[in-house]
Amino acid sequence: MRFAVDRVAKGIEVANELLPTIKRKFKKAYRIAEEVANEIEKELGKKVPEEEKGYLAIHIQRLLPN
């Protein structure tokens, strides 16, 4: 998460070719990632790109019970 916040703060964009798959396969994790992104946006005053939300969702998915 620290790296995602750092990239957003610095305006560094990332590519995430897996984003459509992440959204489809990890729906719950992506919804949580959107909520986390909203909080990041409030704190930094910067928009969190969809690609970054996808990366957050991957990490959140690892924490969810199967």
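What radius of gyration does the protein have, with 66 residues, and what would a compact globule have? The protein has 11 Å, which agrees with the value near 11 Å for a compact globule of 66 residues. Here the radius of gyration is taken over C-alpha atoms, and the globule rule is 2.2 Å times the number of residues to the power 0.38. The structure is a predicted model, in which local features need pLDDT of at least 70 and side-chain atom pairs count only at pLDDT 80 or more, while totals for chains, interfaces and linings use all residues. Residues are numbered from 1 along each chain as its sequence is written, and side-chain values use heavy atoms, with hydrogens and water left out.

The protein contains four helices and zero strands, giving the pattern α-α-α-α along the sequence. Helices (H or I, at least four residues) and strands (E, at least two) are DSSP runs, numbered from the N terminus. Along the principal axes, the C-alpha atoms fill a box of roughly 35 × 20 × 15 Å. Contact means heavy atoms within 4.5 Å; among contacts between residues at least 6 apart in sequence, 71% join residues at least 24 apart.

Next comes the surface. The accessible surface is about 4900 Å², with 54% of it belonging to carbon and sulfur atoms; such areas come from the Shrake-Rupley method with a 1.4 Å probe, and for residues only the protein chains shown count as cover. Of the 66 residues, 29% count as buried. Buried means under 20% relative accessible area, exposed over 50%, and partly exposed in between (1.4 Å probe, protein chains only).

Ala-29 lies in helix H3 and, leaving aside neighbours within four places in sequence, is in contact with Ala-57, Ile-60, Gln-61 and Leu-64. The C-alpha atoms of Ala-29 and Glu-41, 12 residues apart along the chain, are separated by 18 Å.

Charged side chains complete the picture. There are 14 positive and 11 negative side chains, and the centres of the two sets lie 6 Å apart. Lys and Arg count as positive and Asp and Glu as negative, while His and the chain ends are not counted; the place of a charge is taken as NZ of Lys, CZ of Arg, CG of Asp or CD of Glu. Side chains of opposite charge can pair when their charged atoms come close. A search of the whole structure finds six salt bridges, each defined as a side-chain nitrogen of Lys or Arg within 4 Å of a carboxyl oxygen of Asp or Glu.

One of these joins Glu-39 and Lys-42 at 3.3 Å, N to O. Both residues lie in helix H3 (residues 27-44), three residues apart, about one turn of the helix. Glu-39 is partly exposed, with a relative accessible area of 45%, whereas Lys-42 is exposed at 63%. Another salt bridge, between Glu-41 and Lys-47, has an N to O distance of 3.8 Å. Here Glu-41 is buried at 19% relative accessibility, and Lys-47 is exposed at 60%.

In helix H4 (residues 50-63), Glu-50 and Lys-53 are three residues apart, about one turn of the helix. Their side chains meet in a salt bridge at 3.1 Å, N to O. Glu-50 is partly exposed at 28% relative accessibility, and Lys-53 is buried at 6%. Lys-23 joins Glu-50 and Lys-53 in a network of salt bridges.
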